[in-house]
Amino acid sequence: MASWFSQLSSTVSNVTGLGTTVESVRTVADTVKDGQYYTKLDEHDLEWTCASGSSTENQVFYVTTKTGGFAFVQLIYSSIGIWNPTISFTCRFYDPGNGVNTFKNINQAYQFELSEDRQSVKTEFFNITLDPTRTTYKVQITHPELVVSLDFKRVGDGFKVGEGKTYLGGGDQSTAAGYVSHKFWPRAEAKGTFIIDKTLHEVDGDGMFIHAIQGMQPQLIASNWNFCNFQSPDGTSLSMMQFQTTKQYGAVNINQGSVVLNGKLITVSVDNHVELLDLQHDADTDYQIPQKIKLSWKGKTIKEEGKEDEVKDVSVVMVVSVKNLIDKIDILNEIPWFLKKLVQRFVVKPYIYQWLDKATAEITVGDEKVEVEGQCFQELVFVSGF
């Protein structure tokens with residue numbers, strides 16, 4: 001989600017394909033074959049594709065710390081097919097207890113050395129190593145402004161919805177104008193260190209991992225994005241990612257989410273909703289910004305292979321008062337002047353809002369209801385006026 005900086009700076013110079021007719025969309029839900037939205041990640045799902053053309057690929061590691069802080073690190077590979085691919089990374093480190101709130105957006109030299117299985121990578125400053133069991137990542141950053149060492153161990157199952165891809169303007173990757181792909185680890189154990197401004201910060205918390213590909217220029221895919229990452233120390237995690245396609249693709253809301261309870265992935269759902277409530281005008285950006293966000297999930301428990309357990313209804317409702325704004329990022333300030341002028345012709349003030357707030361989720365599984373308290377990171381991204 002936070003990779004808009006590299007996406008825009010590496011793709012805006014070749015804006016094409018805008019039409020006046022509404023083109024078809026085949027969503028991740030449409031790729032499901034057996035009615036079960038959960039699909040287990042296979043041995044190839046975490047491979048870097050490094051696709052050419054107007055494509056951006058990234059892996060992002062989120063950490064909600066046990067002390068009430070938050071961090072993420074993200075490696076980004078962007079290519080539009082006419083320049084050398086752009087390699088960059090972003091990092092957010094937020095520790096309210098020590099008054100630290102830092103964001104880094106750093107470009108790297110073109111160096112992207114993949115392992116034989118394409119699931120580990122070395123770059124100029126940022127290395128990612130996936131162990132042979134595909135359950136633990138080792139993330140290392142060594143840069144003059146930032147040093148990170150992070151162990152990231154999956155808890156429970158990872159997943160994708162159906163094929164893990166939404167196709168825009170076609171029914172599969174060979175015919176579509178572009179596609180969007182997401183693979184998830186909804187919960188992980190995260191532990192390590194961040195060195196920022198020569199100060200060492202120990203990190204221990206609950207993680208979430210996403211491998212994403214946008215096989216198309218971002219301003220042609222979506223007008224806005226909503227992302228939610230809720231983590232509780234008791235083993236509960238909630239994730240939701242929604243984007244609204246541009247008008248060319250029908251302004252369709254595409255949503256995918258998950259529920260982890262007691263450390264176990266119990267449902268993957270697409271019948272989820274985001275409601276932005278109590279909107280107020282932000283004079284800085286001219287956008288209507290919510291003071292509350294209501295999120296709801298609706299699905300069924302995952303049917304386990306070889307078991308005859310009853311499939312139960314699952315529903316979750318969480319209303320979050322977004323009071324703690326971590327950052328409001330003007331994306332145009334993060335890219336060069338000449339690219340900014342190009343973007344301004346096609347993109348309506350791209351901004352990212354990020355919040356971290358305490359929240360309570362009401363989770364119902366069958367006839368049982370529980371309330372869970374935790375920390376909720378949310379991101380609201382305004383991208384395109386198309």
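Over which residues does pLDDT stay under 50, with 66 contacts beyond four places in sequence? That stretch is residues 2-20, where pLDDT is the predictor's confidence in each residue, from 0 to 100, and a contact means heavy atoms within 4.5 Å. Residues 336-340 also stay under 50, with 5 such contacts. Where pLDDT is low, the predicted coordinates should not be read in detail. The mean for the protein is 89, and 88% of its residues reach 70 or more.

The model is predicted: local features need pLDDT of at least 70, side-chain atom pairs count only at 80 or more, and totals for chains, interfaces and linings use all residues. Residues are numbered from 1 along each chain as its sequence is written, and side-chain values use heavy atoms, without hydrogens and water.

The largest pocket has a volume of about 810 Å³. A pocket is an open set of points on a 1 Å grid over the protein atoms alone, with protein on both sides within 12 Å along at least five of seven lines; lining residues have an atom within 4 Å of a point. The lining holds 29 residues, with Gln36, Thr301, Ile302, Lys303 and Glu304 nearest the centre. β19 (264-269) is among the elements giving two or more residues. Its share, 3 residues, is the largest. Strands are DSSP runs (E, at least two residues), numbered from the N terminus.

Cavities of 30 Å³ or more number 2; in a cavity, a 1.4 Å probe fits but cannot get out. β16 (222-231), β23 (292-300) and β27 (368-382) each supply at least two lining residues.

How values were computed
Points joined across faces, edges and corners; volume = space filled by probe spheres on them. Helix = DSSP H or I, 4+ residues; strand = E, 2+ residues; numbered from the N terminus.
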